[in-house]
Amino acid sequence: MENEIVARLEAAVARLEALVAAGSLAAPAGLPDVALAVDPAVVAFDKLVESSLGRLSAAADKIGGKVQEATKILAEAFAVLKELLVKAKQCQKPDLAGLQEFLKPLNEVILKASALTEGRRSEFFNHLKTVADSLTALAWVAYSGKDCGMNMPTSHVEECWQMAEFYNNKILVEYRSKEANHVEWAKALKELYLPSLRDYVKSFYPLGLTWASAGSAVVSSSASAPSVAKEPPSQAPVPPPPPSASLFTSEAASSRPKEGISAVFQEIGSGKSVTAGLRKVTDDMKTKNRADRSGVVAITEKGSRANSFSFRKEGPPKLELQMGRKWAIENQIGKKNLVIDDCDSKQTVYVYGCRDSVLQVKGKVNNITVDKCIKMGIVFMDVVAACEIVNCNGVEVQCQGSAPTISVDNTSGCQLYLSKDSLGASITTAKSSEINVMVPGAGPESDWVEHALPQQFVHTFKNSQFTTTAVSHSGG
């Protein structure tokens, strides 16, 4: 008798597991772990994490420091993504407010990764930036249809990785001939997204998440009333969470006083007189009738305005070699004779927060980075990896030897002077303007020839694809 009962129970559990795997039935309480253990999408995701993410974590453990910390945050984001995939199989498709609440845990992890890139640049900035930019690929779970304003999930993963690959390639260039662990980390990170995550999304979620047709509802913390969820009869209903001041809650927004331009339109549409409360300007208050005003701008006013132009708090000036590997030149103001002459090809040069100064690097170094400088001049001989200019304004950089790569990122006004040995350099620009490159003339006595790099582009749709061309300006 007991054997017969056990056999019937095992057959019932097997049928329930099959229904859950097919997506036609939400997992009952007490069986979610059993059902999800055999779900093909969950099993495939576990294999992806074990293989690709495991290889990345192993390389990060060998590097340590900030790289290991950023990789752990990335692993946390993939763990949250799995929780969302499992939760979607147990819940009905939510509305917009419910979807925002559903994605909140993933958004918090992405913000945590972005916080690592803020502040002063660390030695592993490219690693941190690659992780932070790549995690936006996990937002493919937000795709809810062709009218949601997003690309299809597979295309979204590919495009997000293309943004992160800009910094990932910098890692490969910098450490290609130095440290194999960094190269392994960069290659493993790319493999995690392309092809692993892309192929996974393409195979199981090409049209977005699949929601349960008869599951519980996703409860938004900003909802004014609790959603009715299906629960086992033996369980008491769980009270709804208290409403929070969400930015997307319409009721909370209507109860708060409007600010800024919203307040202006509210005042205009209230029916009150628009000119009510305005003071009347008398003749003696007009500028043309006042004897204490003139058209001459005082020198003190101009000087105070110039002194107020500052984007950060300045620290003590530095020009020192740190740990025998990194030259730190920081907060140098008005110094035209800064020189580094005792350097070698294994050292890097990091210039930060300098203004109205000139630095000369005599000798070959591995890498030069110019960060947050204004009206700064850099003269160097040779670099092994790259010369990078980021977050600067009005800088001049002259290469007297060779440089394989020169990158300009988020910079306004940059003058590059290339020698004959550096004409083969690869110049990469992003979010920058007024970039001019000066190259030597044909003869030994010829003047420099100036070339302006384009900063505007035209995109046209032809033959089922977009064609991008640079905008050329006539000098006439």
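Me: Which residue does Arg-198 form a salt bridge with?

Reply: Arg-198 pairs with Glu-158 in a salt bridge, and their closest N and O atoms are 3.8 Å apart, where the term requires a side-chain nitrogen of Lys or Arg within 4 Å of a carboxyl oxygen of Asp or Glu. The pair links distant parts of the chain, 40 residues apart, with Arg-198 in helix α8 and Glu-158 in helix α7 (residues 153–175); helices are DSSP runs of H or I with at least four residues, strands are E runs of at least two, and both are numbered from the N terminus.

Me: What should I keep in mind about the source?

Reply: This is a predicted model, in which local features need pLDDT of at least 70 and side-chain atom pairs count only at pLDDT 80 or more, while totals for chains, interfaces and linings use all residues. Residues are numbered from 1 along each chain as its sequence is written, and side-chain values use heavy atoms, with hydrogens and water left out.

Me: Back to Glu-165, which side chain does it meet in a salt bridge?

Reply: Glu-165 meets Lys-190 at 3.0 Å, N to O. Glu-165 counts as buried at 19% relative accessibility, whereas Lys-190 is partly exposed at 34% (buried is under 20% relative accessible area, exposed over 50%, partly exposed in between, with a 1.4 Å probe and protein chains only).

Me: New topic: where does the cis peptide bond sit?

Reply: The cis bond joins Leu-194 and Pro-195, with omega about 15°, and Pro-195 is placed in helix α8 (residues 180–204).
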